[in-house]
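Please look over the sequence and the model below before reading on.

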Amino acid sequence: MTTTVLITGASAGLGAAFARGFAAKGCDLVLVARDKSRLEAVAADLAREFGSVCEVLPADLLDAGGLAAVAERLADRARPVDILVNNAGFGLPAPFPYSPVEDEERMLDLLVKVPLRLTHAVLPGLRERRRGAVLNVSSVAGLLPTGTYGAAKAWITAFSESLRVDMEPYGVRVLAVVPGFTRTEFQERAGMDVTALRDAVWLEPHDVVAQALKDLARRRPVSITGRHYRAYALAVRHLPRAFVARKMARTRRPPADAG
């Protein structure tokens, strides 16, 4: 029986790496992103290298119609999706007090509302078939007080860990993927200055995916790539939250024109 995997944000970065990782395992793919031409290029590459069957589903998940179309595809019993990877997301360059509230709302929708809606759409079929999985891409930013992006990622991790317990009796696996700084387009799109970061902190997308697939097979609740990030995750649990919040605030500089 062939496994079908739907991946959001599949045109680049971690989404494209997940597509490649699942294609290497012989899975069929449903690739979701806004850019149809980039999705088609990813699909063509995977078909050429792995012989993958790739369905391209262009959709803007912040558009009601686009979100409904992807939810409908996940709920389609005639074409069942076995694994959902909630990966789509973006960040903002300025701290909350200096960001337009409309941008903050869009980010919150994509990081919280969209995975909530898509997960809810796929679960009835997974429960019925008593197999499958949901992978939610979170971030180490969610381990600390790191602004609204970190708050949303903290939600997705907590949501995943709770859902995992609810779905365990049905044989459905749920995994929170918690990467650190990863070499993708994310930082550039968010307008983040990462020039001061040492090479040692960076992860490669294929390493994050490889670790996630191992942890999924082991039925672990959370996947963190790299010894330094696992040590970091362990350490921050014991730091005073008020102290950490002040330290992290220093890294979130207001824009130069802020009054």
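Which residues does L111 touch, leaving aside those up to four places away in sequence? In this predicted model, the list is A88, G89, F90, Y149, A152, K153 and I156. L111 itself lies in helix α4, which spans residues 101–129. Is L111 buried or exposed? Its relative accessibility is 4%, and buried means under 20%, so L111 counts as buried.

The chain as a whole can be described next. The protein chain has nine helices and seven strands. Of its 259 residues, 47% are buried. Taking the contacts between residues at least 6 apart in sequence, 68% join residues at least 24 apart. The chain exposes about 13200 Å², and 54% of that area comes from carbon and sulfur atoms.

The strands come next. Seven strands form an open sheet with parallel pairing, and their order across the sheet is β3-β2-β1-β4-β5-β6-β7. The edges are taken by β3 and β7 (222–223); each has a single partner strand, so one side of each is left without a neighbour in the sheet. In general, strands of a sheet pair through backbone hydrogen bonds, in either a parallel or an antiparallel arrangement.

Two of the pairings can be followed residue by residue. Strand β1 (residues 4–8) pairs with β2 in the parallel sense over five bridges, and T8 has V32 as its bridge partner in β2. On the other pairing, β2 (residues 28–33) and β3 (residues 54–58) are also joined in the parallel sense over five bridges. Here V30 stands opposite E55 in β3. To get from β2 to β3, the chain passes through helix α2 (residues 36–50), and this β-α-β crossover is right-handed.

Where empty space is left can be shown by rolling a probe the size of a water molecule over the atoms. The second largest pocket holds about 220 Å³ of space. Its lining consists of 13 residues, and those nearest its centre are A16, A17, R20, G21 and L46. Three helices, α1 (13–24), α2 and α7 (205–217), each supply at least two residues of this lining.

Technical notes:
Residues numbered from 1 in each chain as written. Predicted model: local features only at pLDDT ≥ 70, side-chain atom pairs only at ≥ 80, totals over all residues. Heavy atoms only, no water. Pairing = 2+ DSSP bridges. Helix = DSSP H or I, 4+ residues; strand = E, 2+ residues; numbered from the N terminus. Right-handed = clockwise from strand over helix to strand, strands pointing away. Buried < 20%, exposed > 50% of the residue type's maximum accessible area, 1.4 Å probe, protein only. Contact = heavy atoms within 4.5 Å. Areas by Shrake-Rupley, 256 points an atom, 1.4 Å probe, with all protein chains shown as cover. 1 Å grid on protein atoms, 1.4 Å probe; cavity = no way out; pocket = protein on both sides within 12 Å on 5 of 7 lines; lining within 4 Å. Points joined across faces, edges and corners; volume = space filled by probe spheres on them.
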